[in-house]
Amino acid sequence: MKLSSALSTKTRLYLSANSRIFLWIPTLLFLFSSFFFPLFKILDLTFNLETFTNLNNLFIARDSLLFTFYQAALSTLLTFTLGLPAAILFSKFDFRGKSLLRALTAVPFMLPTVVVAAAFNSLFSQRGFFFLLSSFLCPTDNCSLITASLPPPSPFILILIAHTFYNTSIVIRIVGNAISRLDPKLEASARSLGADTFHVWKDVILPILRPSLLAAALLVFMFDFTSFGVILLLGGSQFATLEVDIYIRALQLPNLNLAALLSVIQLIFTLIFSILYSRAINQVSTQTAPRFSIARPPKTIKERLFVLTVYCSLFTFFLLPLLSLPIRSLTRLEADRGQRDEVQYGFTTDYYEELFINRRGSLFYVPPVQAAVNSLGFAGITVILSLALGYPAAYALAKPTRLEKILDPFLMLPLGASAVMMGLGFILSFGRLIASPFFIPIAHTLIALPFVIRTLQPALASIPERLRQAASTLGASPFRVWQTVDFPILARATLSAATFAFTVSLGEFGATLLITRPEYPTIPIAISRFLSQPGGLNYGQAMAMATVLMLLTTLSILLIEKLRFNNAGEF
């Protein structure tokens with residue numbers, strides 16, 4: 001009896017191991033064909049004699065790497081300048097409108113980079129709202145002189161501000177959560193021993209917060225280091241970061257050896273930052289105590305002044321770019337390209353109406369509405385592929401064995417590669433085959449898949465096995481068990497994962513720019529094209545499409561936050 005029981009147990013374990021391998025096969029085949037094979041092509045092109053004997057390639061790579069570090073360091077510094085006071089505000093004080101302001105600061109982090117770039121373009125560029133509105137409201141010669149003497153901010157300043165705009169939420173979440181978990185007895189004890197506010201922060205709070213500060217700094221730096229859409233759309237090719245240079249050397253000034261070298265350099269540094277971030281974020285959980293309710297209304301005049309100053313600064317900084325897009329898309333402030341008759345300035349809906357019109361009747365012109373249809377179609381395919389590939393892997397990771405611990409890091413490797421690098425890998429691997437539009441949702445799925453798996457995994461792990469066993473004992477079939485036990489728990493997580501994949505696909509710009517065909521543009525590609533063309537009509541259509549994309553993304557973010565599983569991580 002014991003022998004048969006032991007054999008039965010071994011048989012179940014053997015079948016379980018085999019079934020786990022089958023769960024991994026679809027995801028691993030997808031990763032190998034769409035990520036590792038293109039990566040091997042890039043490595044093969046990089047590590048050859050021609051690449052390293054060309055001194056010009058090495059000098060360009062050096063300059064690009066140094067500038068990438070420079071702009072990322074400045075962006076991180078600016079982000080902390082705004083983010084640290086904001087983290088203190090949200091973690092230590094209660095005030096009216098706190099939830100609304102917190103949501104307002106969180107929205108930019110999930111916005112597509114194309115929308116962020118369009119928002120700051122609409123606000124500060126020479127075709128932007130402030131510059132043109134000042135000329136419209138004050139058309140006299142004196143005002144023209146004043147306007148001319150106050151040019152819009154330089155593209156580089158706009159890039160730094162835009163990075164701060166969408167990365168401040170990282171500092172608020174990571175550092176703010178750490179501050180909110182601080183034991184208030186620590187500060188009280190230090191003050192009872194005679195320490196003033198400066199020494200309390202210097203000797204007590206900052207040493208505890210150091211892992212959180214380091215984790216936030218590394219994550220912000222990594223996002224700034226791999227920034228592409230914001231830099232390309234606000235600064236153009238004159239700002240040669242690694243991402244922008246990869247795009248230029250792959251398409252505009254073809255030099256695939258240099259593009260491959262830049263991709264490998266960026267991948268190495270991104271992986272280093274990812275490893276350092278993982279170590280830092282692991283220390284955060286060990287350095288902080290259970291959550292304490294330390295938030296309170298401001299009492300002293302200094303506290304009220306601090307809350308008012310930071311509140312107004314955050315509200316203005318985050319609201320203006322988000323409002324400028326819809327306002328600019330509904331306001332005519334300049335003439336259309338080639339327009340000779342009188343310009344009707346002010347409110348207009350023409351830019352939205354033009355999204356459906358091929359005014360020139362060109363066979364090669366793709367109306368913006370068709371770009372929207374393309375984006376929705378690609379996003380739908382991305383959702384299907386992401387869930388089909390993500391569910392088996394998430395099922396296996398829900399109860400990890402040694403096999404899952406080995407394979408899990410491979411799922412996260414695409415996060416260490418830039419979208420532009422993925423696009424370059426597709427070009428090198430598939431050549432003319434990428435003319436097929438189906439490669440676009442494949443690239444989008446590669447980017448969305450790790451997030452989908454991480455969304456589904458906690459929900460699958462939370463299903464009590466005893467409920468399944470009880471249902472089976474009562475005679476339920478496997479499908480009935482899944483319908484009555486698994487599905488009610490997984491429904492919210494599935495919808496959240498699907499929404500996330502949908503949002504990622506809608507806003508993806510880097511890889512799509514390299515592999516898309518002119519006849520299959522997406523919304524971000526169409527926005528980029530219209531921004532690069534002269535005339536008020538082209539610019540207005542770019543603002544209209546960016547506004548639509550912003551609204552769709554915001555609705556998706558709200559849905560994800562509502563459905564997000566409680567044990568899912570912040571980042």
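## A first look at the fold

Helix α1 is the top contributor to the lining of the largest cavity, giving 5 residues. What you're looking at is a predicted model, in which local features need pLDDT of at least 70 and side-chain atom pairs count only at pLDDT 80 or more, while totals for chains, interfaces and linings use all residues. Residues are numbered from 1 along each chain as its sequence is written, and side-chain values use heavy atoms, with hydrogens and water left out.

**The big picture**

- The protein has 24 helices and 2 strands; these are DSSP runs numbered from the N terminus, with helices being H or I of at least four residues and strands being E of at least two.
- Out of 571 residues, 49% count as buried, a label for relative accessible area under 20%, with exposed meaning over 50% and partly exposed in between (1.4 Å probe, protein chains only).
- Take the contacts (heavy atoms within 4.5 Å) with a separation of 6 or more: 80% of them come from residues 24 or more positions apart.

**The cavity**

- There is 1 cavity of 30 Å³ or more; a cavity here is a set of points, on a 1 Å grid over the protein atoms alone, where a 1.4 Å probe fits but cannot get out.
- The largest cavity holds about 50 Å³ of space, the volume being the space filled by probe spheres set on the points, with grid points joined across faces, edges and corners.
- Its lining (residues with an atom within 4 Å of a point) includes Ser 34, Phe 35, Pro 38, Met 421 and Phe 426.
- Both α1 (2-46) and α18 (419-430) supply at least two lining residues each.
- Sorted by class, the lining of the largest cavity has 8 nonpolar, 2 polar and no charged residues; Ala, Val, Leu, Ile, Met, Phe, Trp, Tyr, Cys and Pro count as nonpolar, Asp, Glu, Lys and Arg as charged, and the others, Gly among them, as polar.

**Where α8 crosses α14**

- Helix α8 (residues 155-180) and helix α14 (residues 301-329) have axes that come within 11 Å and cross at roughly 110°; axes are lines fitted to C-alpha atoms over the stretch in contact, and angles run from 0 to 180 degrees between N-to-C directions.
- That makes α8 and α14 roughly perpendicular, the word for angles of 65 to 115 degrees.
- On the α8 side, Ile 161, Thr 164, Phe 165 and Thr 168 meet Phe 317, Phe 318, Pro 321 and Leu 322 of α14.
- By class, this contact has 6 nonpolar, 2 polar and no charged residues.

**A look at Leu 206**

- Leu 206 sits in helix α10 (residues 197-225) and is partly exposed, at 36% relative accessible area.
- Its C-alpha atom is separated by 9.8 Å from that of Ile 179, 27 residues apart along the chain.

Terms used: Angles under 35 degrees count as roughly parallel, over 145 as roughly antiparallel, 65 to 115 as roughly perpendicular and the rest as oblique. On a 1 Å grid over the protein atoms alone, a cavity is a set of points where a 1.4 Å probe fits but cannot get out, and a pocket is an open set with protein on both sides within 12 Å along at least five of seven lines; lining residues have an atom within 4 Å of a point.
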